[in-house]
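Visitor: Before we discuss the labels, could I look at the sequence and the structure together? I would then like to hear what stands behind each term.

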Amino acid sequence: MNRGPEGKRRPVTIHDVAREAGVSRGTVSRVLNGGHYVSPAAQTAVNNAIRRTGYVVNRHARSLITGKSDSVAFLLTEPQERFFEDPNFNVLLRSCTQALAAQDIPLLLMIAGTEAERRRNLRYIAAGHVDGVLLVSSHRGDPVVSDLHEAGVPVVACGKPLGQSAKVSYVAADDRDGAREMVRYLYASGRRRIATVTGPADTPGGVERLAGYRETLAEHGLPVDESLIAAGDYSRASGEAAAGLLLERAPDLDAVFVASDLMAQGVLDTLARAGRRVPEDVAVGGFDDSPAALSTRPPLTTIRQPWDRISTEMVRMLLARIGGEEPAAVILPTELVRRESA
């Protein structure tokens with residue numbers, strides 16, 4: 001423990017670490033700034049000294065030297081209430097936070113659900129208060145990607161940014177293949193009037209999952225009946241409303257592929273009120289394998305997105321972009337999870 005002249009505890013300094021490690025202050029500084037031109041033995045000694053002394057980097061002072069903030073933003077371009085309603089956002093935020101913590105990098109949560117919030121957050125980001133952005137839930141035509149790109153801010157998006165994939169790194173689950181697998185499963189179980197509740201048409205998940213649904217019906221020789229397609233916005237209420245519309249249009253439907261677990265909760269609510277048994281009368285399949293899938297009655301058959309891998313890859317790619325690497329893309333496989341709803 002370090003004590004000042006009056007016996008008061010004082011913060012551990014870089015000089016204390018150097019003395020503990022038996023190296024120069026400059027060697028400690030080089031270790032803290034990436035370990036360039038430092039021998040493995042010296043780097044080990046410094047890291048051990050940091051652990052023993054409890055030294056904590058003064059990020060403000062370090063940013064003045066390096067020109068970097070050593071922090072990252074998690075930017076969600078959805079209304080605030082969606083962050084609290086949709087469990088996927090919380091899972092992704094938690095996993096990204098854990099992946100960055102392993103690098104001793106703090107994560108700032110920023111929500112830009114309105115134009116005013118978008119402008120305010122972009123000013124903060126462009127001013128250099130963060131080194132890069134993990135962008136979540138971008139919509140077609142959303143100017144955030146272009147604004148960040150023009151400001152020279154490294155970005156990695158969750159999901160393929162529609163129309164802008166050449167500008168930005170992204171990590172996505174294979175939405176189209178996941179949809180195909182679910183619809184094939186419903187078909188194999190004997191269902192022939194397979195409806196779908198889509199995600200928003202301006203999001204990559206909305207586009208790709210609907211395309212997978214259409215392609216699989218065609219693959220099995222089933223006509224694509226537009227009355228069996230209803231749009232949602234990934235909220236539970238939109239799933240509830242879409243299911244009501246589908247039952248009105250096609251009372252003989254025997255399965256519903258729903259483009260998110262949260263919407264599937266709403267679909268199950270509507271089917272229960274209509275007296276339809278699940279899965280006996282209508283099979284229901286979701287997408288995400290979020291916590292919502294386990295809270296339904298019956299538990300939801302769904303497509304699992306590998307959230308931990310998505311988060312790890314987003315963090316890895318963002319740190320690479322901050323380090324000067326070119327934009328890249330990663331598409332990860334999904335998995336069918338069978339439960340009692342189908």
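## Labels and their cut-offs

Visitor: Why does D289 count as buried?

Guide: D289 has a relative accessibility of 17%, and buried means under 20% relative accessible area, exposed over 50% and partly exposed in between, with a 1.4 Å probe and protein chains only. The value of 17% therefore places D289 among the buried residues. Please keep in mind that this is a predicted model, in which local features need pLDDT of at least 70, side-chain atom pairs count only at pLDDT 80 or more, and totals for chains, interfaces and linings use all residues. Residues are numbered from 1 along each chain as its sequence is written, and side-chain values use heavy atoms, with hydrogens and water left out.

Visitor: What makes the pair R304 and D289 a salt bridge?

Guide: A salt bridge requires a side-chain nitrogen of Lys or Arg within 4 Å of a carboxyl oxygen of Asp or Glu, and the closest N and O atoms of R304 and D289 are 2.6 Å apart, so the pair qualifies. R304 lies in strand β10 (residues 302-304) and D289 in the loop between β9 (283-285) and α13 (292-295), so the bridge ties together parts that are 15 residues apart in sequence. Helices (H or I, at least four residues) and strands (E, at least two) are DSSP runs, numbered from the N terminus. R304 itself is partly exposed, with a relative accessible area of 32%.

Visitor: How do you know that D16 and R19 form a salt bridge, and where do they lie?

Guide: Their side chains meet at 2.6 Å, N to O, and both belong to helix α1 (residues 14-21), where, being three residues apart, they are separated by about one helical turn. By the same rule the count comes to 24 salt bridges, and R176, D177, R180, E208 and E215 are linked in a network of them.

Visitor: What makes N88 buried, and which residues is it in contact with?

Guide: N88 has a relative accessible area of 9%, hence the label buried, and its place is in helix α6 (residues 87-101). Contact means heavy atoms within 4.5 Å, and, leaving aside neighbours within four places in sequence, N88 is in contact with D288, S290 and W307.

Visitor: What makes β7 and β9 edge strands?

Guide: Two strands pair if DSSP finds at least two bridges between them. Four strands form an open sheet in the order β7-β6-β8-β9, with parallel pairing, and β7 (229-231) and β9 are its edges, as each pairs on one side only. Strand β8 (residues 255-258) pairs with β9 over three bridges, and V256 stands opposite V284 in β9.
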